[in-house]
Amino acid sequence: MPNANFTHQCLIAMPEMQDGRFAHTVTYIVRHDEDGAVGLVLNRPLELTVSELLTEVRLPVIAEFPRPEQPVLYGGPVSTEAGFVLHQDKGHWNSSMEVDDNLCVTSSRDILDAISHGKGPARYQIMLGYAGWGAGQLEKEIAENAWLVCPADTGLLFEMPYDQRWEAAARRIGVDVHLLSAQVGHA
């Protein structure tokens, strides 16, 4: 697994995950290289809506603003005061990183301004914080059976109800998470 690259893949937390920050989560990997990995948790809504976040950062919320009650997500335990927007449509934002063909992560305020005016990307998720792994750490955790890996798709990233994403991600690779065991055996 030393040359594995999990960029644009989703990590599915095993049922026995002891770290409460990641229990029953699906985490989208936005970057994975020799220096480590960065991901965004996809299924932990905060008690903060997009419109409330925009108000907190002093951006106007225009009446035509789509999905003002969409929740902001807990993206992970690192830099929880920092915001990240996972979105389709590259756009021309100040600080964007392309993850895959039509998926980007943007961390600049200009995308929030566009969203507040109804001119942002059509599909997006706003997260506070991110998950990070040092060099080799993610590979080690996967080898230790902490995570399953599944391909990412836009339905999982943007459409599916948050409380269904963990089980649905596992089903995509033919796994029922309720039947999994942390015990590693040999045939």
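This report covers a pocket, salt bridges, a strand hairpin and cysteines in a predicted model.

Residues are numbered from 1 along each chain as its sequence is written, and side-chain values use heavy atoms, with hydrogens and water left out. In this predicted model, local features need pLDDT of at least 70 and side-chain atom pairs count only at pLDDT 80 or more, while totals for chains, interfaces and linings use all residues.

## The largest pocket

The largest pocket has a volume of about 220 Å³. A pocket here is an open set of points on a 1 Å grid over the protein atoms alone, where a 1.4 Å probe fits, with protein on both sides within 12 Å along at least five of seven lines. Its volume is the space filled by probe spheres set on the points, which are joined across faces, edges and corners.

Sixteen residues line the largest pocket. Lining residues have an atom within 4 Å of a point. Nearest the centre of the pocket lie Leu 53, Val 57, Gly 83, Leu 112 and Leu 128.

Which helices and strands each supply at least two residues of this lining? They are helix H1 (50-56), strand S6 (78-88), helix H2 (109-116) and strand S9 (124-134). Helices (H or I, at least four residues) and strands (E, at least two) are DSSP runs, numbered from the N terminus. S6 gives the largest share of the lining, four residues.

By type, the lining holds nine nonpolar, four polar and three charged residues. Nonpolar covers Ala, Val, Leu, Ile, Met, Phe, Trp, Tyr, Cys and Pro; charged covers Asp, Glu, Lys and Arg; the others, Gly among them, are polar.

## Salt bridges

The structure holds six salt bridges. Each is a side-chain nitrogen of Lys or Arg within 4 Å of a carboxyl oxygen of Asp or Glu.

| Residue | Partner | N to O distance |
|---|---|---|
| Arg 21 | Asp 19 | 2.7 Å |
| Glu 159 | Arg 123 | 2.0 Å |
| Lys 140 | Glu 144 | 2.8 Å |

Glu 159 lies in helix H4 (residues 154-159), and Arg 123 in the loop between H2 and S9, so this pair ties together parts that are 36 residues apart in sequence.

How accessible are the partners? Buried means under 20% relative accessible area, exposed over 50%, and partly exposed in between (1.4 Å probe, protein chains only). Glu 159 is exposed at 54%, while Arg 123 is partly exposed at 24%. Lys 140 is exposed at 52%; Glu 144 is partly exposed at 49%. Arg 21 is partly exposed at 42%, and Asp 19 is partly exposed at 25%.

## A hairpin and the cysteines

Strand S7 (residues 96-100) and strand S8 (residues 103-106) pair in the antiparallel sense over four bridges. Two strands pair if DSSP finds at least two bridges between them. S7 and S8 form a hairpin, with two residues between them. Glu 98 has Cys 104 in S8 as its bridge partner.

Cys 104 is buried, with a relative accessible area of 3%. The closest cysteine sulfur to that of Cys 104 belongs to Cys 10, 16 Å away, so a bond is ruled out as too far. For Cys 150, the closest cysteine sulfur is also in Cys 10, at 4.7 Å, again too far for a bond. Cys 150 is buried, at 0% relative accessibility.

The structure holds zero disulfides. A disulfide is counted for a pair of cysteine sulfur atoms within 2.5 Å.
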